[in-house]
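Here is a set of exercises to work through with the model open beside you. Try each task on your own, then follow the solution step by step.

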Amino acid sequence: MTFEDSVASIVNKLVLSEEAFFFERSLDLLSVVGLDGYFKRINPMFTQILGYSQAELLASPFLDFVHPDDHSISLAELEKVKAGAPTLNFENRYRTKDGYYRWLAWTASPQLDRGVMYCVARDITEQKQTQAALKRANEELEQRVAERTAQLQESQAELQQQLIEIESIYQSAPIGLNVLDTDLRFVRINERLAQINGLSVEEHIGRTIRELLPNIADIAEDLLRPIFETGEPVLNIEIRGETPAQPGVERIWLESFLPLKDGERVIGINTVCEEITERKKAEETLRRSEERYRTLFETMEDGFCVIEMLFDENNKPIDYRFLETNPAFERQTGLLQAEGNTARQLIPYLEEFWYETYGRVALTGEPVRFENGSDAMNRWFDVYAFPIEEPERRKVAILFKDISDRKQSEKALRDNEDRLQMAITSAQLGTWDWNLVTGELKWDTACKAMFGLPPDAYISSEIFFAGLHPDDRDRLQGIVQYTFNPASGGFYDTEYRTIGLQDQVERWVRAKGQVYYDANGRPLRFIGTVLNITQQKQAEAQLIHDVSHDSLTGLPNRALFVERLERSLELTKLNSGYKFAVLFLDVDRFKVINDSLGHLIGDQLLIAVGRRLERCLRVGDIVARLGGDEFTILLEDIKDLNDVILVATRINTALTKTFNLGGKEVYTTVSIGIALSTSTYNHPEQLIRDADIAMYRAKASGKARYAIFDESMYTQAAQLLQLEMDLRRAIERQEFQVYYQPIVSLETYHITGFEALLRWQHPELGFVSPERFIPLAEETGMIVPIGYWVLREACHQMRTWQLRHPTHLPLTISVNISSKQFSHPHLIEQIHQILQETGLEGSSLKLEITETVLMENSESATAMLLQLRQMDIQLHIDDFGIGYSSLSYLHRFPSSALKIDRSFISKIGANGENLEIVQAIISLAQSLKIDVIAEGLETKEQLRHLQNQQCQLAQGYIFSQPLDSTSVDKLIASNLHFSSS
């Protein structure tokens, strides 16, 4: 038999067994249907979905189970299959045993020569229901989008004006910003304001001004409390006080307080703050300095110079020479050492205006005052020039000031005025005029538009009140009637909503007006304006939403979740029968998806997971995103644990379905931790912590499941944390030891080498099992330095034994390489350095790597393994058969041995039971012409069966348990050969 035939035989056996495996365990409905219309074979999922037994389904033609309305199309599809055409995504309804119908989507492939067709069906009942719901939702959404589009188009001009105003306010605002709630508690704060207060951002959140800044609390509360009553801002207030960071040191802040409203109600305060302590000190210092030196320097603020005009024979000015200049002259003109030089020498392209103007002063003796700019000097000047009477020389004195900044400001002001005028024009500020004697009401076009009316619409007071939002109509009627009373002062300023009388669009407007009375106090006329503030209201609502919601998924954030959790805790104290639960969810393998498919797909997955979680909840429950791939759920008012388990099960079921993200199918699950409310909980974070601990228990138990918190979990988590701390110190404390287990030839019983195994001698716990600390080292990344320590120690020890006990074939040492160590960028360099330091030949080192590690790093693994082979280092594939691999990869990876996992060896019975997988692996290794090593060999029966299968090497307790270096030294010195008996 050739090598290819041998491999093909093994592969065929595996394929056949895999076919039966997948047919029986498939989540789809698999069947073989005869062209006569009867089922020939069905898988368990068929009976599970429809509820019939296998015998019932096989006894009747499939048409007996099909919905009567689907008979004709099902028969037509069968005729197509009989003609040899495959079926793709054919849909019909099947009756379940309890009388309901479920939608199935079919794919069928005919095998006419065998008289059957192979069919795959998928239950799409929920998909059909979802599609119907989505259709209704889309129709509603399209209607809302159309309404919103019309609203946005009408509000675009107003939005532009508001954006200009908002941008202006933003640009002029101080650096420090925060948001306070109605209890003057910090809800949000930026880093700058936190620095000003001398505390971190986290120390502010959830605490009041009085708690954090007691020295200014009285002043702050006196300023802030009235804002909640009046709704009016307080601007540019200086506040003096101390901070916790610098007690005893007075600080000065310039602050503005802006109300944050929800409709008419003030729900919080936006604070804008700038610390001006140093500026105030500087201003005071400058003030004192100016008082001392003002008299001395007041004559030097303006530039001053004396020039001599130069004329030609026709008395035409051709140049002028600078005779005297003051320091301000140099500052304002930028001309240094001008005295003695002419203007044309210093400023070659100076405009003729200056020569003509100063020449006229020199000739006429008349002073002149003007403002003019010079492109050559890139400046504007305010100039006063007057003659100096000297008969023999035509001198002119010039006093001037650089006004470039002012001119630029004036230009900017003109530009702003132009833009403001354009904005006012485009804002369509509505106006009205109501004659209270005749009842005549006049609206301009913009005012009509805010009530959804055309420019030519008829207007009356009845139409005005009819266009008001029903919830605002009575309130506004009362305000208007009160304004008609002279005792009110006649001033009218309010906000309300309109419902377009023709377009039915809801708008927010702000109206201001004034009532005019006759001498007897009778109202005569009511005049005012109305402004569309819909976008402003929407922006305020969005701001309120953003403060408490996650920006990516739109779900509530941690702050809102904790707030809801606090309320639930308070309810448990008021009502002993009230129960709730917290679920902590972590997306399994999210990092793998994020790293392999990119952050965009990762973000889309988080959004999609959030939507599915929302659909799994009951009315009143809340799901929040804490950050990263972590979500929390609050289940309120539960009866017992069964309510929680029902939701958790529903979540796991919903998330097992495929996510289609950007054209890619993504599968994921979640691990869920559950914490139930008890009287021992006083703070929300305690519940979140315990649910988090339970989540990690679920993840450690295999993922895609839930775990319920109990006190033992907390104890174990604390112990695990302590173990992690001890593990970090274990290397420097020299608590690790390397033990060595012999690897024996099953043909000669001669020891060929040893496998290095790590042991931890804890100073208090004694020997800690590798199964306990190795996964922790993997998770924390400490496995990388630990792995290099083991590699160095093992290589050094093996080289010592080789020198002390030379043999014909040098002993070898096998060392395990972890996944994180294999991915380490400097692995090759580290191994090379260790071999050089210890003097061990590469041919004496064998690295053991699991097949899973190789598959996860398949692209980079081949190149790295080839580099190791160039160093004469051999590769053993460890734990072969328990992970996943492709037979084609075994040809690509330059491996020299397969290690059969101990789980397969331990199952071999005295009569050779459960030997099939071991036989397949040994045959595969022999076909690839590589060694095979059995791990965990313990009984003579296992030894005999392995020898019969021509397994070359083995290790296990039948030969020796792992030994310390001293025991191995004695073993080598006495004998490298085990007895065959």
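**Exercise 1: a covered strand and its sheet**

β26 is mostly covered, as 6 of its 7 residues are buried (buried means under 20% relative accessible area, exposed over 50%, partly exposed in between, with a 1.4 Å probe and protein chains only). Before you go on, note that this is a predicted model, in which local features need pLDDT of at least 70 and side-chain atom pairs count only at pLDDT 80 or more, while totals for chains, interfaces and linings use all residues. Residues are numbered from 1 along each chain as its sequence is written, and side-chain values use heavy atoms, leaving out hydrogens and water.

Solution. 

Step 1. Look for the strands (DSSP runs of E, at least two residues; helices are runs of H or I, at least four residues, and both are numbered from the N terminus). Two strands count as paired if DSSP finds at least two bridges between them.

Step 2. Follow the neighbours of β26. Strand β21 (residues 581-587) runs antiparallel to β26 (residues 670-676), and 7 bridges join them; V582 has A675 as its bridge partner there. β27 runs parallel to β26, through 3 bridges, and I672 is paired with Y706.

**Exercise 2: an antiparallel sheet**

Task: explain why β12 and β13 each have a side without a neighbour in their sheet.

Solution. 

Step 1. Write down the order: 5 strands form an open sheet, β12-β11-β15-β14-β13, with antiparallel pairing.

Step 2. Look at the ends. β12 (317-325) and β13 (368-374) stand at the edges with a single partner strand each, so one side of each has no neighbour in the sheet. The twist here averages 35 degrees from one strand to the next.

Step 3. Zoom in on one pair. β14 (residues 379-390) and β15 (residues 393-402) run antiparallel and are joined by 10 bridges; E389 has R394 in β15 as its bridge partner.

Step 4. Find the helix: α13 (residues 352-364) lies across β11 (303-311), β12, β13, β14 and β15, at about 165 degrees to β13.

**Exercise 3: the nonpolar cores**

Task: find which residues have the most contacts inside the largest nonpolar core.

Solution. 

Step 1. Recall the rule: a nonpolar core is a set of buried Ala, Val, Leu, Ile, Met, Phe, Trp, Tyr and Cys residues joined through side-chain atoms within 4.5 Å.

Step 2. The largest core has 82 residues, and F754, I813, F822, I831 and L845 have the most contacts inside it. Helix α26 (residues 783-804) gives the most to this core, with 10 residues.

Step 3. Take L845 as an example: beyond four places in sequence, its contacts include L791, C795, I813 and I831. C795 is itself buried, at a relative accessible area of 0%.

Step 4. A second, separate core of 32 residues includes A581, V609, A654 and F659.

**Exercise 4: how confident is the model?**

Task: find where the pLDDT stays under 50.

Solution. 

Step 1. Start with the average: pLDDT (the predictor's confidence in each residue, from 0 to 100) averages 85 over the protein, and 90% of the residues score at least 70.

Step 2. Look at residues 166-173, where pLDDT stays under 50 and the model has 1 contact beyond four places in sequence.

Methods
Axes fitted to C-alpha atoms, helices over the stretch in contact; angles between N-to-C directions. Contact = heavy atoms within 4.5 Å.
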